[in-house]
Amino acid sequence: MKMDFVNNKNIVFAAIPILIILVLILYGVLSNVVAIGSEPPQVVLERPDAKYDKCVRDTEYMRFHHWELLREIRENVVRFGKRGEVGLNKCKECHTSRVNFCDQCHHAVSMSPDCFGCHNYP
Amino acid sequence: MDRRDFIKTAGGLILTVGSGTYAFRILSATGVSASDPSNPLIGKKWGMVIDLNKCRSDCTDCLTACRTENNVSYHGDSRWDNHWIRKVKIEGEVGHTKIEKTVPLLCNHCDNPPCAQVCPVKATYKRDDGIVIVDHHRCIGCRYCMIACPYNARQFNFKNDDDWPNADHPKRSHGVAEACNLCAHRLDVGQMPACVEACQKCGANAILVGDLNDRKSEINRITSTLPVKRIREDLGTEPKVYYLGL
Amino acid sequence: MDIKFDSIEGDSTQYRLMMLTFASFAVAGFIATWYVIEHGLWVTGMNNRVPWGLQIVMAVYYIGLSAGSLVISGLYGVFGKLEYKPFARIAVYLAMLFLIAGLLSILTDQGRIDRVFVEPFVYFNLQSMFSINPILYIGHILICLLYLWALFYERKKLTSVVATLAFGWAFCVHTGTGAIFGFGARVLYESPLLPASFVAAAMASGTALMILMIVGLFRITKRRLDDELIIWLGRFLAICLLVVVYFMFVENAYRAYVVELRDAAMYYLFGGLHSLFFWVGLIVIGCFIPIFLLFYRKTGKTVRGIVIASALVVFGVLCERYVIVLPGLTHPPELFPGMEITESLLQEGIASYSLSILEILQALGVFGVIGFLFGWGLKYLKLLPTEARILKHYETTEIISREK
């Protein structure tokens with residue numbers, strides 16, 4: 001394709017803004033890929049009282065899909081008023097500490113979900 | 001088929017399928033699935049009656065109860081304070097007599113809510129039981145709903161409030177709009193809203209919340225037999241907050 | 001004879017200084033926006049009674065400006081006026097930039113910028129003007145890109161098709177933008193005339209800005225520009241201005257005439273600082289003086305007179321955008337007709353609004369971004385013609401026969 005509307009002398013400089021954007025996107029993608037490849041962090045599970053003997057889903061599901069479950073619950077509660085048993089307030093009963101539990105993985109994969117700005121989770 | 005043709009065909013295919021899916025999403029997103037049989041909200045229509053003859057002009061218990069129940073942000077500056085329920089003093093003349101009243105104002109939970117109509121992401125919407133509610137997870141903070149509301153009942157979280165009086169209940173981050181949600185989280189589990197309870201506790205018993213669709217309910221009796229008024233009925237928004245003695 | 005396009009050299013000190021200024025504006029705006037996101041929107045001085053401020057004013061202003069640019073490119077693309085072909089590329093490029101600026105202004109004004117890129121496109125509300133308009137804006141930007149492509153590759157047929165499409169689309173864009181306010185529930189917003197008057201004001205401001213741009217660029221880069229081209233645009237601007245004045249008159253006369261709107265009209269026309277913007281900024285500086293300059297024989301036929309008139313119009317329409325957005329917000333909605341609210345926890349009566357430095361920085365930042373992109377385009381894309389002149393009759397026929 002002939003690009004005779006572009007000033008040929010400085011074609012390299014012309015591409016600089018596009019390059020910067022590309023690099024930024026690439027950085028975003030790569031930084032996540034790197035995080036996925038690394039070892040999962042050891043999370044501390046606290047169960048102050050033995051009220052429940054297991055979580056609502058198995059560990060494998062919770063590790064990778066807990067946010068999908070939370071989203072589903074959220075949709076049900078906010079849109080349809082189905083206030084079931086499971087929810088962030090319920091999670092708190094076993095996993096009492098956000099720093100020892102939630103933040104461990106979130107930091108490792110450089111995620112910063114904004115749940116805790118509005119939902120109390122000590 | 002040479003390479004150029006292939007690219008053309010593939011591109012066309014991707015475009016068609018992509019835009020088709022997107023169009024389907026847009027069209028299907030226009031209505032929340034109201035026909036869902038497991039939806040517990042269908043059939044109800046929550047409404048409120050405020051009896052101004054019983055309401056005490058110097059009492060602010062409902063305001064405080066609302067603020068502590070819902071963690072409404074409060075800074076002591078009228079520009080950025082949020083009040084899901086607020087009391088105003090109004091003055092006017094009927095004939096030659098001067099009248100003065102104190103009116104609690106809150107979201108009217110309109111049947112035709114202008115705020116829900118203008119919300120670009122359907123964060124504000126009317127629940128199937130008639131409560132107009134904000135999905136704070138989705139609100140982008142465009143503040144168009146505040147412009148559209150003719151009652152000045154919607155507020156915006158301009159500023160974070162560090163207080164967290166009701167730790168079990170979420171508060172809102174700065175950057176989302178909010179309004180009274182008739183304590184939907186309490187109504188869903190069979191409790192009355194915080195303002196109603198506070199009003200009962202202080203003895204005035206001026207606020208009543210009930211199901212307008214239920215023929216035997218107290219609220220239905222009041223709205224059908226007593227001279228109730230709504231604010232700016234002429235606008236056609238069909239508010240569900242009724243006032244006695246306005 | 002053929003119309004040649006070339007980029008500017010772009011190695012003079014002035015050019016570098018200009019780009020540096022734009023870049024620093026953009027950086028300042030970026031920092032201001034970041035600060036606002038961190039601390040919440042209260043730092044901009046907006047509050048529960050006046051939830052929209054300068055950024056929305058600037059957004060509708062920029063979107064309006066893009067119209068006029070498109071009109072000028074349409075003179076060639078739609079109406080086939082060959083004399084205006086030299087301006088077509090720069091006009092489309094500017095139209096695109098102004099829409100980007102409008103979108104940026106709206107974007108930086110949102111409470112939750114992190115959600116703006118996802119939610120509006122996933123959850124779509126066909127009833128909301130705020131949901132329809134972004135689609136119109138993005139479509140407009142894409143059409144402008146296609147239009148530019150057609151112009152760069154000299155595709156005659158595609159140009160006329162896309163130009164016509166862009167023309168119609170631009171009308172939708174400006175009607176939609178006007179409808180954000182015109183279909184609103186506020187007393188001073190609600191007006192079916194607003195979308196139409198928005199289109200008229202958009203045409204006026206855009207044409208005025210293009211006149212300034214064309215004359216400025218051609219003079220600075222020492223290219224030939226025939227006065228007749230600008231004088232014709234001046235006449236077009238004058239007609240646009242007359243339409244703006246007409247709409248303003250009808251709208252305000254209606255409000256002042258109807259009993260229930262009279263209080264609001266009095267507030268709008270004589271109620272505070274915005275009335276000063278209305279009367280002095282819009283009516284006198286923005287409309288009457290330019291109309292006089294454009295119709296008066298001694299100034300209306302000179303480039304200098306037209307340029308002064310254009311500069312006044314560009315300022316006047318900014319005032320117009322201000323008086324569209326803000327009085328409607330500061331004027332209180334009437335909750336109890338016939339009664340007066342004497343005590344409340346919120347501000348119930350007429351609210352006040354003042355510009356804050358952060359809003360100004362944000363607005364400057366958006367200006368810096370598009371200014372930078374504009375300078376960049378001038379240097380690296382062949383946007384400007386080598387000359388723009390009145391064509392002789394035989395030249396026109398020659399070009400037309402060659403293009404066939």
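1. Of the 404 residues of chain C, 51% count as buried, a residue being buried if 20 or more other C-beta atoms, placed from the backbone, lie within 10 Å of its own. This is a predicted model, in which local features need pLDDT of at least 70, side-chain atom pairs count only at pLDDT 80 or more, and totals for chains, interfaces and linings use all residues. Residues are numbered from 1 along each chain as its sequence is written, and chains are lettered from A in the order in which they are written.

2. Chain C contains 15 helices and 5 strands (DSSP runs numbered from the N terminus, with at least four residues of H or I for a helix and at least two of E for a strand). Its radius of gyration is 22 Å, close to the 22 Å given by the globule rule for 404 residues, so chain C is as compact as a globular protein of that length. The radius is taken over C-alpha atoms, and the rule is 2.2 Å times the number of residues to the power 0.38.

3. Chain B gives 44 residues and chain C gives 40 residues to the contact between them; two residues are in contact if their C-beta atoms, placed from the backbone, lie within 7 Å. On the side of chain B that touches chain C, the largest share, 6 residues, comes from E2(B).

4. E2(B) pairs with strand E3 (residues 339-343) of chain C in the antiparallel sense over 4 bridges, where pairing requires that DSSP find at least two bridges between the strands. B:Gly92 stands opposite C:Met339 in E3(C).

Note on methods:
A residue is buried if 20 or more other C-beta atoms lie within 10 Å of its own, exposed if 12 or fewer, and partly exposed in between; C-beta atoms are placed from the backbone.
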